[in-house]
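Hi there,

Here is the structure I promised to pass on to you. Have a look at it first, and then read on for what turned up.

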Amino acid sequence: MSVRELVVLGTASQVPTRHRNHNGYLLRWDGEGILFDPGEGTQRQMLRAGVAAHDLNRICVTHFHGDHSLGLAGVIQRINLDRVPHAITAHYPRSGQRFFDRLRYATAYRETVGITEAPVDADGPLARTGGYTLEARKLSHPVESYGYRIVEPDGRRMLPERLAAHGIKGPDVGRIQREGSLGGVSLDDVSETRRGQRFAFVMDTRLCDGVYALAEGCDMLVIESTFLDDDEQLAVEHGHLTAGQAARAARESGVRHLVLTHFSQRYTDPDEFERQARAAGYDGELTVAHDLLRVPVPKRR
């Protein structure tokens with residue numbers, strides 16, 4: 001059975017707190033696991049969340065600030081210690097190659113697993129599998145940063161009433177799906193396009209074209225909201241978003257489920273992020289993330 005869910009491992013910005021670990025997010029996408037931005041303490045949070053090294057297939061790092069990448073060393077060594085039986089691909093800004101190298105080989109250990117390095121240096125597709133295309137878009141932050149987007153290919157939804165009207169049933173349903181037509185009836189006559197699901201991960205950035213390109217039409221958008229709206233000038237200066245900015249981008253992009261995260265330690269009331277997101281006009285499903293939360297990707301439309 002396919003499972004599509006976000007497992008939140010950490011939600012703190014810059015400084016962890018007693019209740020928030022540094023960043024870390026695992027997306028379960030059917031049989032694959034994609035780990036985004038493993039900050040310090042991610043290996044420990046994986047244990048608490050019931051996530052094993054064997055669950056990982058890709059690691060995607062948006063940028064090389066410590067709260068988004070210091071956990072790489074421990075995660076990579078755990079992958080090797082547990083002898084994960086499949087190759088793992090790592091995506092990260094090419095400009096940070098020296099940081100990736102230092103983290104990958106931070107201490108001595110025995111390498112037993114192949115990790116394919118696939119650095120990012122431009123907008124566009126990074127990988128295509130049978131279940132999705134992984135894309136990247138450049139963001140606006142003091143160091144080079146990329147957001148990631150997963151797009152499932154469109155499929156077909158069979159329409160029982162049209163199948164019945166054309167007398168197609170049993171094994172012939174599978175046949176028309178495979179062959180595209182049957183006895184003068186085309187697949188388009190008895191089915192409709194089923195839009196593939198879309199997921200985006202947007203971390204440290206100001207509002208920019210990349211934010212909107214990543215968020216466009218997403219079923220789930222995981223996005224930083226480091227500051228509340230009263231501190232918008234701080235957000236601009238430091239290359240971050242406010243809750244209201246993130247929500248407006250989600251509203252304008254047609255996002256179905258908005259997940260806010262990456263909160264500054266200066267704030268003590270998480271409900272205020274939701275209030276400001278709603279005040280900005282976002283009326284879809286909304287989650288203010290906390291550590292160890294599991295959030296299912298919305299069902300297909």
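This is a predicted model: local features need pLDDT of at least 70, side-chain atom pairs count only at pLDDT 80 or more; totals for chains, interfaces and linings use all residues.

Let me start with α10 and α11. In α10, the residues A243, G244 and A247 meet F273, Q276 and A277 of α11. Sorted by class, the residues of this contact comprise four nonpolar and two polar ones, with no charged residue. Helix α10 covers residues 243–253 and helix α11 covers residues 271–279; their axes come within 8 Å and cross at roughly 45°. That angle is why α10 counts as oblique to α11. The crossing of α10 past α11 is right-handed.

Next comes a pair with α3 in it. Helix α3 (residues 72–81) packs against helix α4 (residues 97–104) at an angle of about 55°, and their axes are 8 Å apart. The two helices, α3 and α4, are therefore oblique to each other. Their crossing is right-handed. On the α3 side the contact is made by L72, A73 and I76, and on the α4 side by F100, L103 and R104. This contact of α3 with α4 has five nonpolar residues, one charged residue and no polar ones.

Helix α3 also packs against helix α1 (residues 42–49), here at an angle of about 60° and with the axes 8 Å apart. So α1 and α3 are oblique to each other. The residues that meet are T42, Q43 and M46 in α1 and G74, V75 and R78 in α3. By class, the contact of α1 with α3 divides into two nonpolar, three polar and one charged.

Now for the pockets. Which residues lie nearest the centre of the largest pocket? They are S13, Q14, T226, H238 and H240, out of 16 residues that line this pocket. The largest pocket has a volume of about 280 Å³. Its lining is made up of 10 polar, three nonpolar and three charged residues.

The second largest pocket has a volume of about 200 Å³. Its lining includes T17, H19 and R20, and also F263, S264, Q265, Y267, T268, D269, P270 and F273. By class, that lining has five polar, four nonpolar and two charged residues.

Technical notes:
Residues are numbered from 1 along each chain as its sequence is written. Side-chain values use heavy atoms; hydrogens and water are left out. Axes are lines fitted to C-alpha atoms, for helices over the stretch in contact, and angles run from 0 to 180 degrees between N-to-C directions. Helices (H or I, at least four residues) and strands (E, at least two) are DSSP runs, numbered from the N terminus. Angles under 35 degrees count as roughly parallel, over 145 as roughly antiparallel, 65 to 115 as roughly perpendicular and the rest as oblique. A crossing is left-handed if the near helix is turned anticlockwise from the far one by less than a right angle, and right-handed if clockwise. Contact means heavy atoms within 4.5 Å. Ala, Val, Leu, Ile, Met, Phe, Trp, Tyr, Cys and Pro count as nonpolar, Asp, Glu, Lys and Arg as charged, and the others, Gly among them, as polar. On a 1 Å grid over the protein atoms alone, a cavity is a set of points where a 1.4 Å probe fits but cannot get out, and a pocket is an open set with protein on both sides within 12 Å along at least five of seven lines; lining residues have an atom within 4 Å of a point. Grid points are joined across faces, edges and corners, and a volume is the space filled by probe spheres set on the points.
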